[in-house]
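Q: Could you take me through this structure feature by feature, giving the general idea behind each reading before the particular case?
A: Gladly; let us look at the structure together.

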Amino acid sequence: MTSNFPAKIEALQRDALHIRRNVWRALHAAGSGHMGGSSSAADLLAALYFHYLRQRPDEPEWPGRDRFVLSKGHANAALGAALARAGFIDDSVLDQFYAYQSSFGMHPDIKMPGVEMSTGGLGHGLSVGLGMALGARMQNMDFRTCVMLGDGELQEGSNWEGAMAAAHLGVSNLTAILDYNKVQQSGHVGEMLDLEPMADKWTAFGWAVREIDGHDMEAIVEALDALPLAPDKPSLIIAHTVKGKGVSFAEDTYLWHNNLVTDEVYGRALEELGEAE
Ligand SMILES: Cc1ncc(C[n+]2csc(CCOP(=O)(O)OP(=O)(O)O)c2C)c(N)n1
């Protein structure tokens with residue numbers, strides 16, 4: 001740990017706050033959208049984009065770039081906010097969220113610089129990410145691939161096919177990050193279709209697993225810095241998060257998975273989040 005570590009963590013926390021505020025800004029511009037899963041992922045995205053991923057915003061298709069796939073594509077407002085802050089897209093694009101012919105849609109679109117895969121239909125990102133990781137291996141390249149998954153998304157069987165194949169192929173350059181906010185579209189995951197014991201399942205599937213608090217920036221950074229968690233296995237970071245994190249009325253409820261954002265709602269959300277420096 002270097003002496004400027006606390007300053008680094010504070011800077012990343014500011015990045016996360018910017019992402020959260022811009023999620024609500026984008027959704028307000030559109031009138032609605034997925035605030036719950038975008039907000040739970042904000043700290044993880046901040047650490048990925050402003051600490052971990054090796055990318056070149058002015059050269060988005062640089063062959064050596066680390067790949068990031070937002071498999072839970074409905075959280076695209078948060079990805080767009082991260083891409084804008086990183087410099088892949090202009091800040092003004094955030095006001096074009098879900099607008100006619102905008103590259104910044106409800107779900108990621110590869111038309112937007114920095115977006116690696118068009119997602120939205122849940123359950124595909126892990127297998128495509130596995131393909132990217134294998135591509136790196138076949139070309140003898142050292143780029144890393146990270147895939148962000150949702151917990152409700154894991155009810156799609158295709159994830160488990162990807163998980164099996166990744167372990168079988170021993171791709172240590174593949175990391176999955178689970179945004180484990182325990183809430184899906186219509187209720188709590190534990191009541192709809194429980195996924196516990198989560199860590200044991202992935203371990204049994206042959207993955208190296210670490211569990212963290214997905215809002216503790218220090219823990220996130222340390223987990224990313226520890227990658228790969230094992231030399232010959234894919235890694236999973238189970239990030240325990242809160243859906244709607246940062247805005248009390250949206251926290252831990254499926255009612256704010258996707259909802260309308262009136263002027264009044266937007267004002268309350270920004271007030272609770274606080275000013276970003
Ligand atoms: C194949 C597929 N089925 C259904 C949907 C509709 N849908 C969008 S988000 C969502 C819930 C996802 O829950 P989770 O992965 O827990 O997301 P988070 O809580 O992180 O927002 C569903 C069912 C979809 N996008 N794709």
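Q: Where is His34 found?
A: Before the answer, some conventions: this is a predicted model in which local features need pLDDT of at least 70 and side-chain atom pairs count only at pLDDT 80 or more, while totals for chains, interfaces and linings use all residues. Residues are numbered from 1 along each chain as its sequence is written, and side-chain values use heavy atoms, with hydrogens and water left out. Helices (H or I, at least four residues) and strands (E, at least two) are DSSP runs numbered from the N terminus. His34 is found in the loop between strand 1 (32-33) and helix 2 (35-40).

Q: Is His34 buried or exposed, and which residues is His34 in contact with?
A: Buried means under 20% relative accessible area, exposed over 50%, and partly exposed in between, with a 1.4 Å probe and protein chains only. His34, at 9% relative accessibility, counts as buried. Contact means heavy atoms within 4.5 Å; leaving aside neighbours within four places in sequence, His34 is in contact with Leu27, His74, Met106, His257 and Asn258.

Q: What joins the side chains of His34 and Asn258?
A: A polar contact is a pair of N or O atoms within 3.5 Å; within protein, one must be able to donate a hydrogen and the other to accept it, and residues adjacent in sequence count only if both atoms are side-chain atoms. The side chains of His34 and Asn258 are joined by such a contact, of 3.4 Å.

Q: What order do the strands of the open sheet have?
A: Strands of a sheet pair through backbone hydrogen bonds, either parallel or antiparallel. Two strands count as paired if DSSP finds at least two bridges between them. Here 5 strands form an open sheet in the order 2-3-4-6-5, with parallel pairing. Strand 2 (67-70) and strand 5 (208-213) stand at the edges with a single partner strand each, so one side of each is left without a neighbour in the sheet.

Q: How many bridges join strand 5 to strand 6?
A: These two parallel strands are joined by 6 bridges, and Arg210 has Ile237 as its bridge partner in strand 6. Strand 4 (residues 174-180) also pairs with strand 6 (residues 235-240) in the parallel sense, over 6 bridges; Ala176 stands opposite Leu236, and Asp179 opposite Ala239. Strand 6 has 5 of its 6 residues buried, so it is largely enclosed by the rest of the structure.

Q: Where does Met217 lie, and which residues does Met217 touch?
A: Met217 lies in helix 9 (residues 217-225) and is buried, with a relative accessible area of 2%. Not counting residues up to four places away in sequence, Met217 touches Ile9, Leu12, Gln13, Ala16, Asp43, Ala46 and Ala47. Met217 and Asp109, 108 residues apart in sequence, are 28 Å apart in space, C-alpha to C-alpha.
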